[in-house]
Amino acid sequence: MEILIGLCVIVIVLFGAVAGILSRYRKCPSDKVLVIYGKVGNDSHGQARSAKCIHGGAAFIVPVIQSYQYLDLTPISINVDLTNALSKQNIRVDVPSRFTVGISTEPGVMQNAAERLLGLKLAEIQELAKDIIFGQLRLVIATMDIEEINTDRDKLLLAVSNNVEIELKKIGLRLINVNITDIKDESGYIEALGKEAAAKAINDAKKSVAEKNRDGEIGQSNAHRDQRIQVAAANATAIKGENDAKIEISMSEAQRREKEAEALKLATAAEAVQAARAKQEAYVAQQIAEQTRAELEKATQQADVIVKAQIRKEQAELDAEAEAEIIRRKAKGEADAIYAKMEAEAKGAQEILSKQAAGIKEIVDAAGGNAEAAVKLLIANKLEELMTIQVEAIKNIKIDKVTVWDSGAAGGNSTTANFLSGMIKSIPPLEELFRQAGMELPEFLGKPVDEASGEAEGAEYQKDN
């Protein structure tokens, strides 16, 4: 029970710690600037920063060593009723205007706003900006003439915007809009300029009207004169035109008749030519048709012969390819069978050699590791087979007839005995077989021939003595 209570306490503490950490995570709205102050690190020059500004996004506020506030980005509208501002001509003017400013989101300017405007109310920021605008507006008016101020509003607005923007950035603000409503002066100079311009415009208009009336009367008289001249000329031209038209009609009628006669003659000749040409073309067309029919029949016969031959050729090629494929597959099958047989024989031979090697190793181990003794054991094991081979060597010798002339030599060595002894000696003795194998005959199988003959000679010598 105590363990369960302890676990619950630990869970509650951890939950509280996590909730406390999450409560220090602050998100910045799009219409505000999050200003984190306290220990916020150093700038690029290694100096400690007074605040960290974030526009958009979020940041974690470290408890105890950091805190935060918001700067509102809502635009601020300021009425600047500038009066008695001294112009370049020492004439005092009134320049009522309205400025719209707001907190800047540029990195450097936003840092200035955090350092100089954090904690100030909207009215206080408005008054601070208003003082700056008043000073810069007076400065701009002092550098311009009345005529420039009154007529060139774009230049005035540009100068005001540039000067005010620079000063507002120092406290973290930016200029959004400038609207100058009206400009007046206490001496009435601007009003007089307006009246002068109006009078000049009226006089110009009256002069323009009189000139247009004069031009209208002159134009009307010239129009009547031109009308009479042009009417008379038109009548004369009309009479002449009628006469010329009659002449042209007569000439045209004669030419028409002449052309009709020529056309009739040409038409008659053309009909005869066309009839002859039609007959010629009919003959040519019939000839071409006959040639075409002959070529068609020839092509039909060629197609029958050539197509059949082509079909037979392709059939022969297909049969040849099929037969070649059968031969290739049969050869491949035989080759695979030979390969499999040889592989099986090789595996069998390898298995036999492996078993023989294992058996020889066991024989060597049984001989105590003495290879020579092991070989002797193997030969002793094969001794019966060796003797059988020796017997088989002379077993099948066929001697149909042997004629021996025995002279009866002294000492008991007859020719017949020597013949039989020589035949037996032609078979390699067991001792010689051992010597060819690089071994010596064991003593239990008998002594070598040299030693036996030596002992026999020694015994005979002793007997003689």
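The model is predicted. Its largest nonpolar core holds 41 residues. A second, separate core has seven residues. The structure also holds one aromatic pair.

**Nonpolar cores**

- In soluble globular proteins, nonpolar side chains tend to be buried together.
- In the largest core, the residues that touch the most other members are Phe99, Val101, Ile141, Leu156, Val160, Leu168 and Leu173.
- Helix H3, residues 122-142, gives this core its largest share: seven residues.
- Leaving aside neighbours within four places in sequence, Leu168 is in contact with Val101, Ala129, Ile132, Leu173, Arg174 and Leu175.
- The second core is separate, and its members include Leu34, Ile36, Val40 and Ile54.

**Helix H2**

- Helix H2 spans residues 107-116.
- Its buried residues are Val109, Met110, Gln111, Ala113 and Ala114.
- These buried residues pack against five strands and a helix, namely S2 (32-38), S3 (51-54), S5, S7 (92-103) and S8 (173-180), together with helix H5 (153-169).

**The second largest pocket**

- This pocket contains about 200 Å³ of space.
- Its lining has 15 residues. Nearest the centre lie Asp72, Leu120, Lys121, Leu122 and Ile125.
- Strand S5 (66-72) and helix H3 each supply at least two lining residues.
- The largest share, four residues, comes from S5.
- By type, the lining has ten nonpolar, three polar and two charged residues.

**The aromatic pair**

- A pair of aromatic rings is described by the distance of the centres and the angle of the planes.
- Here the partners are Tyr68 and Tyr70, with ring centres 5.9 Å apart.
- Their planes stand at 80 degrees, and over 60 counts as edge-to-face, so this pair is edge-to-face.
- Tyr68 is partly exposed, at 24% relative accessible area. Tyr70 is partly exposed too, at 31%.

**Positive phi angles**

- Most residues other than glycine have a negative phi.
- Val64 has a positive phi, near 75 degrees. Val64 sits in the loop between strand S4 (57-60) and S5.
- Val64 has a relative accessible area of 85%, and the cut-off for exposed is over 50%, so Val64 is exposed.
- Asn84 also has a positive phi, near 55 degrees. Its place is in strand S6, residues 76-86.
- Asn84 counts as partly exposed, at 37% relative accessibility.

Terms used:
Residues are numbered from 1 along each chain as its sequence is written. This is a predicted model: local features need pLDDT of at least 70, side-chain atom pairs count only at pLDDT 80 or more; totals for chains, interfaces and linings use all residues. Side-chain values use heavy atoms; hydrogens and water are left out. A nonpolar core is a set of buried Ala, Val, Leu, Ile, Met, Phe, Trp, Tyr and Cys residues joined through side-chain atoms within 4.5 Å. Buried means under 20% relative accessible area, exposed over 50%, partly exposed in between (1.4 Å probe, protein chains only). Contact means heavy atoms within 4.5 Å. On a 1 Å grid over the protein atoms alone, a cavity is a set of points where a 1.4 Å probe fits but cannot get out, and a pocket is an open set with protein on both sides within 12 Å along at least five of seven lines; lining residues have an atom within 4 Å of a point. Grid points are joined across faces, edges and corners, and a volume is the space filled by probe spheres set on the points. Ala, Val, Leu, Ile, Met, Phe, Trp, Tyr, Cys and Pro count as nonpolar, Asp, Glu, Lys and Arg as charged, and the others, Gly among them, as polar. Rings of Phe, Tyr and Trp (its six-membered ring) pair if their centres lie within 6.5 Å; planes under 30 degrees apart count as stacked, over 60 as edge-to-face and the rest as tilted.
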